[in-house]
Amino acid sequence: MKVILFEILKLGLRIIYAPIKLFKTKNRIVYLSRQSNSKSVDMVLLEKALKEESPDTEQIFRLRMIPDGFIDKIKYCFSVIGDMYYLATSRVAILDTYSITVSCLNHKKSLKVIQMWHALGAVKKFGLQSVGTKEGRDEKVSRAMCMHKNYDYILAPSKATAKFYMDAFGYKADKMKICSLPRVDEILAENGASARFFSENPALGDKKIVLYLPTFRDREPYVAQELKVKFHDMEGYHLIVSPHPLFSKVKRDPDYFYNGEFSTYDLMKVADIIITDYSACAFEAAVLMKPLYFFVPDFEEYREERGLNINLKEELSEFTFESAEELCRAIKAGNYDLNGLYEFKSKYVENSKANNTEILAKFVSMLINQ
């Protein structure tokens, strides 16, 4: 039934889009996202750089998550028509998620589409890699939705990551653009986060800050609880649990939180030690070259049900733990091999210098002026 509905939806969108494509193309970039209702840090940085690189180019942001309520979903459908107008009248489209209007419609040849995925890599399988798995989409639905069609360029932070992206998006190597995301510049920028953090959290000044950044999954509260139990009596350490932004079921436990408003990147700069699981924030943390650990108590189950691009137990065995007790023991021992972390960073984020936004802005400007 879903497949039939999607086929009807595609047909309707294509009929509506046909006359809209008659509108004149303008010197314009349109950004599209279902990931958030506000600009991502990548979009903010790129927008600013493009204002300098190509000041005469208009930049339009069409950012809206699919809402839950029926009435709101109807309103969302009308906003899709607006997306179609801007796709028809732009020279470049930049998106950080799958877009129905980008992938299901036939566009002008003059439109160049850049997939600027919302993560700096992929430990776990996603997109077309996960079709048919427990957490992935149904294969027939995926085909009906034209998953990840119509991209001209896909940004990848390294050649190793590009191999994963080729499978996840269904493209060959010629569509891959090796380019780290603008967020790397933000991660590396000194913004006084540590000073602000400890001024608002003076009781933590003599503690080693351990930041836990999990991926999005239903089991997360139980996994986080294992860490909380082990860190509760670890003298000299303070655990901060920062749930995935899409995971609303996790209530902020004041014993494992903090005072003040700080971004994830701010918290990474503050932290002495970072723990994650299958999250792409591992690559962001690696850029800072701080001790990085992986806590994966469900490793075999997750690998079987979701699939992994990186076998953490093989590539990063000395940093990967299924037992919270063994993880804490390793942290207290303090014998961290930064050489191993450097190899990981160099393999998956080839450019870890603070000039990524400029590089991407020049590339987008070139496409606009073709």
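## Burial and helix α6

A residue counts as buried when its relative accessible area is under 20%. In this predicted model, helix α6, residues 159–169, has Ala-160, Thr-161, Ala-162, Phe-164, Tyr-165, Ala-168 and Phe-169 as its buried residues. Among the elements that cover these buried residues are the strands β4 (112–115), β5 (153–156) and β6 (176–178), together with helix α15 (338–348). Gly-170 follows α6 and has a positive phi, near 80°.

In general, an α-helix has 3.6 residues a turn, so residues three or four places apart point the same way.

## Overall dimensions

The chain contains 16 helices and 11 strands. Its radius of gyration is 22 Å, close to the 21 Å given by the globule rule for 370 residues, so the chain is as compact as a globular protein of that length. Along the principal axes, the C-alpha atoms fill a box of roughly 65 × 50 × 40 Å.

Of the 370 residues in the chain, 52% are buried. Among contacts with a separation of 6 or more, 71% are made by residues 24 or more positions apart.

## The six-stranded sheet

An open sheet is formed by six strands in the order β2-β1-β3-β4-β5-β6, with parallel pairing. Strands β2 and β6 stand at the edges with a single partner strand each, so one side of each has no neighbour in the sheet. From one strand to the next, the twist averages 25°.

Strands β5 and β6 run parallel and are joined by three bridges. Within this part of the sheet, Ile-154 stands opposite Met-176 in β6. Helix α3 (residues 70–88) packs on the sheet and touches β1 (28–33), β2 and β3 (92–95). The direction of α3 makes about 145° with that of β1.

## The five-stranded sheet

A further open sheet consists of five strands in the order β8-β7-β9-β10-β11, and the pairing is parallel.

Two bridges pair strand β10 (residues 292–295) with β11 in the parallel sense, and Phe-295 stands opposite Phe-321 in β11. Helix α14 (residues 324–333) packs on this sheet, where it touches β8, β9 (273–276), β10 and β11. The direction of α14 makes about 170° with that of β10.

## Nonpolar cores

In soluble globular proteins, nonpolar side chains tend to be buried together. The largest nonpolar core in this model has 118 residues, of which Tyr-165, Phe-231 and Ile-275 touch the most other members. Tyr-165 is also one of the buried residues of α6. Leaving aside residues up to four places away in sequence, Phe-231 touches Val-210, Tyr-237, Leu-239, Ile-275, Cys-328 and Ile-331. A second, separate core has six residues, including Tyr-98, Met-145, Cys-146 and Met-147.

Thr-57 lies in the loop between α2 (41–53) and β2 (58–63). Thr-57 is classed as buried because its relative accessible area is 9%, below the 20% limit. The side chains of Thr-57 and Ser-54 are joined by a polar contact of 2.5 Å. Not counting residues up to four places away in sequence, Thr-57 touches Asn-27, Arg-28, Ile-29 and Ile-368.

Asp-255 is located in the loop between β8 (237–241) and α10 (264–270). With a relative accessible area of 54%, Asp-255 is exposed. Its contacts, not counting residues up to four places away in sequence, are with His-238 and Leu-239. Asp-255 and Ala-333 are separated by 78 residues in sequence and by 24 Å in space, C-alpha to C-alpha.

His-148 is a residue other than glycine with a positive phi, near 60°. His-148 is placed in the loop between α5 (139–144) and β5. The relative accessible area of His-148 is 2%, and the residue is therefore buried.

Met-289 likewise is not a glycine, yet its phi is positive at about 55°. The loop that holds Met-289 runs between α11 (281–287) and β10. Met-289 is partly exposed, with a relative accessible area of 24%.

Methods
Residues are numbered from 1 along each chain as its sequence is written. This is a predicted model: local features need pLDDT of at least 70, side-chain atom pairs count only at pLDDT 80 or more; totals for chains, interfaces and linings use all residues. Side-chain values use heavy atoms; hydrogens and water are left out. A nonpolar core is a set of buried Ala, Val, Leu, Ile, Met, Phe, Trp, Tyr and Cys residues joined through side-chain atoms within 4.5 Å. Buried means under 20% relative accessible area, exposed over 50%, partly exposed in between (1.4 Å probe, protein chains only). Contact means heavy atoms within 4.5 Å. Helices (H or I, at least four residues) and strands (E, at least two) are DSSP runs, numbered from the N terminus. Two strands pair if DSSP finds at least two bridges between them. Axes are lines fitted to C-alpha atoms, for helices over the stretch in contact, and angles run from 0 to 180 degrees between N-to-C directions. A polar contact is a pair of N or O atoms within 3.5 Å; within protein, one must be able to donate a hydrogen and the other to accept it, and residues adjacent in sequence count only if both atoms are side-chain atoms. The radius of gyration is taken over C-alpha atoms; the globule rule is 2.2 Å times the number of residues to the power 0.38.
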